[in-house]
Each structure stands twice: as C-alpha cells, then as structure tokens.
Amino acid sequence: MVSTPYLFRLNDLSVPFVGAPMAGGPSTPALAAAVTAAGGLGFLAAGNRPVDGVRADVETVRELTDGPFGVNLFVPQAANTAAPGTAVDPAVHLSVGAYREALQDTARRYGVELPDTDPADDDGWAAKLELVEELRVPVVSFTFGLPAAPVLERLAAAGVATSVTVTSVPEAEAAVRAGAHLLTVQGPAAGGHRGTHRTEDVPGEEPLAELVAAVRAAVEVPLVAAGGIASAAEADAARAAGADAVQVGTLLLRTPEAGTSAAYREALGSGRYTETAVTRAFSGRLARGVRNGFVERFTNIAPAAYPQVNQLTKPIRAAAAAAGDPEAISLWAGPHFAAAREVPAAEVVRDVVGGPSGP
C-alpha cells in the first residue's frame, strides 16, 4: 500500500504568521529562517532568481532551521489557466517600444543602456518546478497566475503543499478547483505586486477583511490574509473575517535579516516619503510602492506588459540602487511603511500575532 505523503498545514504553526516572499533582494534564507524560528512560516522568493540561486537558498534555510518554510514562484502567462478579468484599456498606455523611448533620458542620466526585451521569458518555470519537487519544499506558493491542475497534483504527490495568491472570489474558486491546498487572499493595500491572474487585469478595491469574508464564504480551504497588515489589530480583524493566518512583508523590510538594499532601507525610514501608489512603471504589472520620482513620471504611460517592462527598467533600478538614489528604485511597500522598524524579525512576528503561546 502506497502511503500518502505528509502535507504542511497552517495549523502546524505555533503562530498564525507568514513572512511574505519579497523578490529582488529582501527575502533571504536568514529572514525565512528567522520567521520560522519565531513560530511562523518563512518564505523564499524565487521570482527573477536563477535556479541555482534558489537551490542554494533552500539548502541554506535547511541549515538554519528544521522548521517549515516556503518558496514562491512566478507563474508565466503561457502557463496560466486563469479566466479573463477586468482589464486595463490599452489605448491609454504606450506600447513597449514607445515606453522604451520614454525611458531613454532616464537611462542616460544613470549611464545605462536599455536592453532588448523578451516577452517569452518564463523565469525558468519548468526548471524551478522540478527543483521544488526534487527538494520537497514544504510549501510552494504561486503568484501572477494559476498553474494548471496537473502542476498542483504533481507537487502534492511529492508531499509539497501548494498555495495560490488570489485577489477576488472568482480567482479563489478557480484555484480551489485546480487543487490548491491554501489560498493567499491579497487585498488592495498590499505592498509590491498585486497577484492578479493576468498581467492586464485590474484588481478590485474591496478592503481586505471584506475580501477575506467573501472568499471564506465561497471556499473551504485555509486562507492567509495579505495586504497592508501592520498591527495586531489589523491581524485580528483579518482573522475575525475568516483568515487562518496573516502574511506580512513591509514590516520585515528593515529587519537585519532582510536583504533590503541600503538605499531602500534609508528611504523607508527617512521621513521624506509619505505616500504609496499603485503603478506599472517598473515592471508592467500593477504594484504598490513608495511614490518617488520614477512613479510620478511614468505611472500614467507604462504599458501592461510583463516581463518586458521589468526587463527595460532593470538596469535603471540597479544603477540607482548602486548610487544610493531612491528616486528610481522600486520601493515596494504597503501604506504603513513608516511603521517598519530596524528590529529583529522575531520581534515583528511577536508584535503582529504574539508568541507561540498567544498574545
């Protein structure tokens, strides 16, 4: 008789806290391990990271902790089974070629050349799926889309629990039908990229607690509430609405375990910036970040084109970070970014959900 492999469950955690996967540097093995050690579920971000780097990250986390952790993957549009949603009107945005021309002055200012773009780039999708299956990562979460049911079945057969990021009830229902074990329900205040299942879709503005309650009424799988949670009161409200755990990212950005760049950290704590905005300017997908000069200049013209826009702006972002200039960095963060402090990750976990024995 073949035994059923063990699958991670949210109620295995000592505290109902998930560390958000934050691609581009902030998510590190040290941060994932620290969140896990504090009783939560730490995460690695595999998006836009080479496969060998993801393997090394997983191995390092396992050296640091024997507790559960997760890896987040970006779903390429070619592998996405999502149904159409509410899409942006392309007539009001530039084409990728025209956006490239609009970026040229900024590129020259930072002394970089804009690269050619490749719309077929799938971020090593097949290789990363093979890797997380081979390594039997406890949890694999997906954003930017819904993988086909056979992908989720394949991971479950290897003992890997799967979670899909959703921004609406229809996305949640589709993810459960496909076989997701958990859902990350992302509200409008989320820092970083919105997890709509198509690049061009525009997510709703339903407050997180209301969205969680609506999803809870529609599906029966465990739910993780995400988006703008920066206090114990907000975490309690999300859980009262039906979430089994909460996911936090922005509050972890300034922890010593995070890989957040010096310019990024300084901008969050400087007091010079006071607002966030949702923009496609840096990546072509909607994402919330600190309103800096780049956001102000390019939000209204950036096309809904991922990964092309992300590829175009990458050298500008890298040059700005190297120069310590936050005006052209994608400073992904939720509205309460000023609450992020330079404290250990374990303290953030305790502040939001208390210790293993409760608040």
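Here are a few friendly notes on the sheet and the helices of this predicted model.

1. Eight strands form an open sheet in the order 1-9-8-6-5-4-3-2, and their pairing is parallel. At the edges stand strand 1 (17-19) and strand 2 (42-45); each has a single partner strand, so one side of each is left without a neighbour in the sheet. On average, neighbouring strands of this sheet are turned by 25° against each other, direction ignored.

2. Next, a pair of strands to look at. Strand 4 (residues 139-143) pairs with strand 5 (residues 161-166) in the parallel sense, over four bridges.

3. Helix 5 (residues 149-157) lies across strand 4 and strand 5, and runs at about 165° to strand 4. Helix 7 (residues 208-218) also packs on the sheet, where it touches strand 6 (182-186) and strand 8 (223-226). The direction of helix 7 makes about 150° with that of strand 6.

4. Finally, a helix pair. Helix 2 (residues 51-64) packs with helix 4 (residues 125-135) at an angle of about 20°, their axes being 10 Å apart. Angles under 35 degrees count as roughly parallel, and helix 2 and helix 4 are therefore roughly parallel to each other. The crossing of helix 2 past helix 4 is right-handed.

5. Which residues make this contact? Helix 2 brings Val51, Val54, Arg55, Val58 and Arg62, while helix 4 brings Ala127, Lys128, Leu131, Glu134 and Leu135. By class, the residues of the contact of helix 2 with helix 4 are six nonpolar, four charged and no polar.

Notes. Residues are numbered from 1 along each chain as its sequence is written. This is a predicted model: local features need pLDDT of at least 70, side-chain atom pairs count only at pLDDT 80 or more; totals for chains, interfaces and linings use all residues. Side-chain values use heavy atoms; hydrogens and water are left out. Two strands pair if DSSP finds at least two bridges between them. Helices (H or I, at least four residues) and strands (E, at least two) are DSSP runs, numbered from the N terminus. Axes are lines fitted to C-alpha atoms, for helices over the stretch in contact, and angles run from 0 to 180 degrees between N-to-C directions. Contact means heavy atoms within 4.5 Å. Angles under 35 degrees count as roughly parallel, over 145 as roughly antiparallel, 65 to 115 as roughly perpendicular and the rest as oblique. A crossing is left-handed if the near helix is turned anticlockwise from the far one by less than a right angle, and right-handed if clockwise. Ala, Val, Leu, Ile, Met, Phe, Trp, Tyr, Cys and Pro count as nonpolar, Asp, Glu, Lys and Arg as charged, and the others, Gly among them, as polar.
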